[in-house]
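The sequence and structure are shown first.

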Amino acid sequence: VQLQASGGGLVQAGGSVRLSCAASGRTFSTYVMGWFRQAPGKEREFVAAIGRFGGTTDYGDSMKDRFTISRCNAKNTVYLQMNSLKPEDTAVYYCAATGRWTTISGQYDYWGQGTQVTVSS
């Protein structure tokens, strides 16, 4: 599967951004989808994951209550709605796909190219 992330940009602290990740192929619903992020000089960090049909979600500790992951299997797309953004949310955000439920980046098999989100104070 090929993944294409979009929707990043520059936003002020307290603002919102919605990221999208479009997947190619007909097997999108067989994949668990995740979002990760990486800031300069830092390790890649788990942001959110969603099960094959959207019934199961999980979030990184600092994202709970601010970020929402969702998916539309009919559109082969996963979304990440980010609210109440903080400067520390500044990072490149990546979408990824895997065949099993996991929040560990090394267990994801397919990755998008990343989209930059910059939050100004």
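This is a predicted model: local features need pLDDT of at least 70, side-chain atom pairs count only at pLDDT 80 or more; totals for chains, interfaces and linings use all residues.

Four strands form an open sheet in the order E1-E3-E8-E7, and their pairing is antiparallel. Strand E1 (3-6) and strand E7 (67-72) each have a single partner strand, so they stand at the edges and one side of each has no neighbour in the sheet. On average, with direction ignored, neighbouring strands of this sheet are turned by 15° against each other.

Within this order, strand E3 (residues 17-23) pairs with strand E8 (residues 77-82) in the antiparallel sense, over six bridges. Ala-22 stands opposite Thr-77 in E8. Strands of a sheet pair through backbone hydrogen bonds, in a parallel or an antiparallel sense.

**Two residues with positive phi**

Most residues other than glycine have a negative phi. Asn-76, which is not a glycine, has a positive phi of about 55°. Ser-84, also a residue other than glycine, has a positive phi near 50°. The table sets out where each residue lies and its phi.

| Residue | Loop | Phi |
|---|---|---|
| Asn-76 | between E7 and E8 | about 55° |

Is Asn-76 buried or exposed? Its relative accessible area is 17%, and buried means under 20%, so Asn-76 is buried. Ser-84 has a relative accessibility of 41%; this value lies between the cut-offs of 20% and 50%, so Ser-84 counts as partly exposed.

Technical notes: Residues are numbered from 1 along each chain as its sequence is written. Side-chain values use heavy atoms; hydrogens and water are left out. Two strands pair if DSSP finds at least two bridges between them. Helices (H or I, at least four residues) and strands (E, at least two) are DSSP runs, numbered from the N terminus. Axes are lines fitted to C-alpha atoms, for helices over the stretch in contact, and angles run from 0 to 180 degrees between N-to-C directions. Buried means under 20% relative accessible area, exposed over 50%, partly exposed in between (1.4 Å probe, protein chains only).
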